[in-house]
Amino acid sequence: MAKEWPNRYGEGAELIELTKINGEIILLNCNLIECIETIPESKVVMTNGKYHIVRESGRQIIDRVVEYERRIFGKAVTRQGIEEAAEL
C-alpha cells in the first residue's frame with residue numbers, strides 16, 4: 001500500500017509498506033529499488049546496495065509499486081510496463 005509520509009524536508013514522500021520476516025513494518029521509497037530477488041522470501045535490493053528481506057512476494061511488491069506510480073502518473077502505468085522496464 002502506498003502511503004504519504006512527511007520527509008525530513010517537510011515535503012510529502014511516497015513510500016510503499018512492506019513487512020520484514022520478523023514482522024516489523026518498513027516503509028521504502030520504491031524509486032530506490034534496484035531489483036527484487038526471490039530466495040524464496042523476497043530480497044529487495046536498493047540502489048545504495050543495502051537490501052531488505054520481506055514477507056511479500058515479488059508480485060505483491062510490484063503491485064504496490066504500480067499503485068504508487070498510478071497515483072503519480074495516472075492509469076497509464078501497468079504491472080507489465082514496470083516488469084519490462086526492470087528487464088532493461
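Predicted model: local features only at pLDDT ≥ 70, side-chain atom pairs only at ≥ 80, totals over all residues.
## A helix across a sheet

## The overall plan

The protein has six strands and two helices. Along the sequence the pattern reads β-β-β-β-β-β-α-α.

The protein has 88 residues, and 28% of them count as buried. It exposes about 6000 Å². Carbon and sulfur atoms supply 50% of that area. Now take the contacts in the protein with a separation of 6 or more: residues 24 or more positions apart account for 33% of them.

## Joining β5 to β6

β5 and β6 run antiparallel, and four bridges join them. Val44 has His52 as its bridge partner in β6. Ser42 has Val54 as its bridge partner in β6.

The two strands make a hairpin, with four residues between them. Gly49 in this hairpin takes a positive phi near 95°. Most residues other than glycine have a negative phi.

The loop between β4 and β5 holds Pro40. The peptide bond from Ile39 to Pro40 is cis, with omega near 5°. Most peptide bonds are trans.

## The nonpolar core

How many residues make up the largest nonpolar core? There are 12 in all, including Ile16, Leu28, Val44, Met46, Ile61 and Tyr68. β2, β3, β5 and α1 each supply at least two residues of this core. The most comes from α1, which gives three residues. In soluble globular proteins, nonpolar side chains tend to be buried together.

## Met46, a core residue

Met46 is one of the core residues and is found in strand β5. Is Met46 buried or exposed? Met46 has a relative accessible area of 7%. The cut-off for buried is under 20%, so Met46 is buried.

Which residues does Met46 touch, not counting those up to four places away in sequence? They are Leu28, Asn29, Leu32, Ile33, Glu34 and His52. Among them, Leu28 and Ile33 also belong to the core. Asn31 and Met46 are 15 residues apart in sequence. In space they are 9.0 Å apart, C-alpha to C-alpha.

## Glu56, buried in a loop

Glu56 is found in the loop between β6 and α1. Its relative accessible area is 6%, so Glu56 is buried.

What does the side chain of Glu56 reach at 2.9 Å? It reaches the backbone nitrogen of Thr19. A polar contact of 3.5 Å also joins the side chains of Glu56 and Arg64. Leaving aside neighbours within four places in sequence, Glu56 is in contact with Leu18, Thr19, Ser42, Ile61 and Arg64. Among these, Leu18 and Ile61 are part of the nonpolar core. Ser42 is the residue whose bridge partner in β6 is Val54.

Definitions and conventions:
Residues numbered from 1 in each chain as written. Heavy atoms only, no water. Core = buried A, V, L, I, M, F, W, Y, C linked by side-chain atoms within 4.5 Å. Buried < 20%, exposed > 50% of the residue type's maximum accessible area, 1.4 Å probe, protein only. Contact = heavy atoms within 4.5 Å. Areas by Shrake-Rupley, 256 points an atom, 1.4 Å probe, with all protein chains shown as cover. Pairing = 2+ DSSP bridges. Polar contact = N/O pair within 3.5 Å; in protein donor to acceptor, adjacent residues only side chain to side chain.
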